[in-house]
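Please look over the sequence and the model below before reading on.

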Amino acid sequence: MIIANRRAVALAVLLFAAAPAIAQTPGVEIQNAWSRAAPAGRTGVVFLTIADHGAPDRLIGIASPDAEMAELHETTMDGGVMRMRPVAVLAVEAGKTVTLAPGGSHIMLMHLRRDLNEGDRVQVTLTFEKAGKITVDAAVVKAGGPAPR
Ligand SMILES: [Cu+2]
């Protein structure tokens, strides 16, 4: 009888301990968002790293207040010619990171609404199926410049 009660107490403690841990699961985190200087009316680019600390998720939408449209692009080689094409959905695996970087996948900002100047920040909102909307400010470096340190 006493043993059974202790078990019940132990189970209750375990459940209480587990609840906050689940709520605090960080899920998806966006790291090192950066962009490059570009004039209004032209195309901008954003690079970043998606770190998935939780369950598998999918990036299903991208938007920026500073562009008429934002798309995820992947870069492919086609007979020695670098081409890019839009990707509607990007799957991120649990415990993995996906890095968007020059020469590879990137976020394309179509028809910028303002100049992006070196030192500016450009806001991008990524929508994930499970993690929901995550908004980041990408640091703008000079045109053609490398990732900020
Ligand atoms: Cu592109």
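Helices (H or I, at least four residues) and strands (E, at least two) are taken here as DSSP runs, numbered from the N terminus. On that basis the protein has 1 helix and 10 strands, and along the sequence these elements follow the pattern α-β-β-β-β-β-β-β-β-β-β. The model is a predicted one, in which local features need pLDDT of at least 70 and side-chain atom pairs count only at pLDDT 80 or more, while totals for chains, interfaces and linings use all residues. Residues are numbered from 1 along each chain as its sequence is written, and side-chain values use heavy atoms, with hydrogens and water left out.

Of the 149 residues, 34% count as buried, where buried means under 20% relative accessible area, exposed over 50%, and partly exposed in between (1.4 Å probe, protein chains only). Contact is taken as heavy atoms within 4.5 Å; among contacts between residues at least 6 apart in sequence, 67% join residues at least 24 apart.

The metal site can be followed next. The copper ion is coordinated by H73 (ND1), M84 (SD), H106 (NE2) and M108 (SD), at 2.0 to 2.3 Å, donors being N, O and S atoms within 2.8 Å of the metal (3.2 Å for Na, K and Ca); water is not among the atoms, so sites may look incomplete. Along the chain these donors follow the spacing H-x10-M-x21-H-x1-M. Because M84 lies in strand β5 (residues 81–87) and M108 in strand β8 (residues 106–112), this pair ties together parts that are 24 residues apart in sequence. The two methionines can also be described by their accessibility: M84 is partly exposed, with a relative accessible area of 46%, whereas M108, at 10%, counts as buried. The 4 donor atoms subtend angles of 93 to 118° around the copper ion, which makes the arrangement tetrahedral, a label given to four donors if all angles lie between 85 and 135 degrees. Ideal angles for four tetrahedral donors are 109.5 degrees.

Turning to the interior, a nonpolar core is a set of buried Ala, Val, Leu, Ile, Met, Phe, Trp, Tyr and Cys residues joined through side-chain atoms within 4.5 Å. The largest such core has 27 residues, and those with the most contacts inside it are I30, L48, I50, I107, L109, L126 and F128. At least two residues of this core come from each of β1, β2, β3 (57–63), β4 (67–78), β6 (90–92), β8, β9 (121–128) and β10 (132–141). Leaving aside neighbours within four places in sequence, I107 is in contact with residues including V46, L48, I62, L72, L100, V124 and L126.

Rings of Phe, Tyr and Trp (its six-membered ring) pair if their centres lie within 6.5 Å, with planes under 30 degrees apart counted as stacked, over 60 as edge-to-face and the rest as tilted. This rule gives 1 aromatic pair. The ring centres of W34 and F47 are 4.7 Å apart and their planes stand at 40°, so the pair is tilted. Since W34 belongs to strand β1 (residues 28–36) and F47 to strand β2 (residues 44–52), the pair ties together parts that are 13 residues apart in sequence.

Two loop positions complete the tour. A88, in the loop between β5 and β6, is exposed, with a relative accessible area of 67%, and its C-alpha atom is 6.6 Å from that of I60, 28 residues away in sequence. P56, in the loop between β2 and β3, is partly exposed at 47%; its C-alpha atom is separated by 8.5 Å from that of K130, 74 residues apart along the chain.

Terms used. Tetrahedral: all angles 85-135°; square planar, octahedral: opposite > 155°, others 65-115°.
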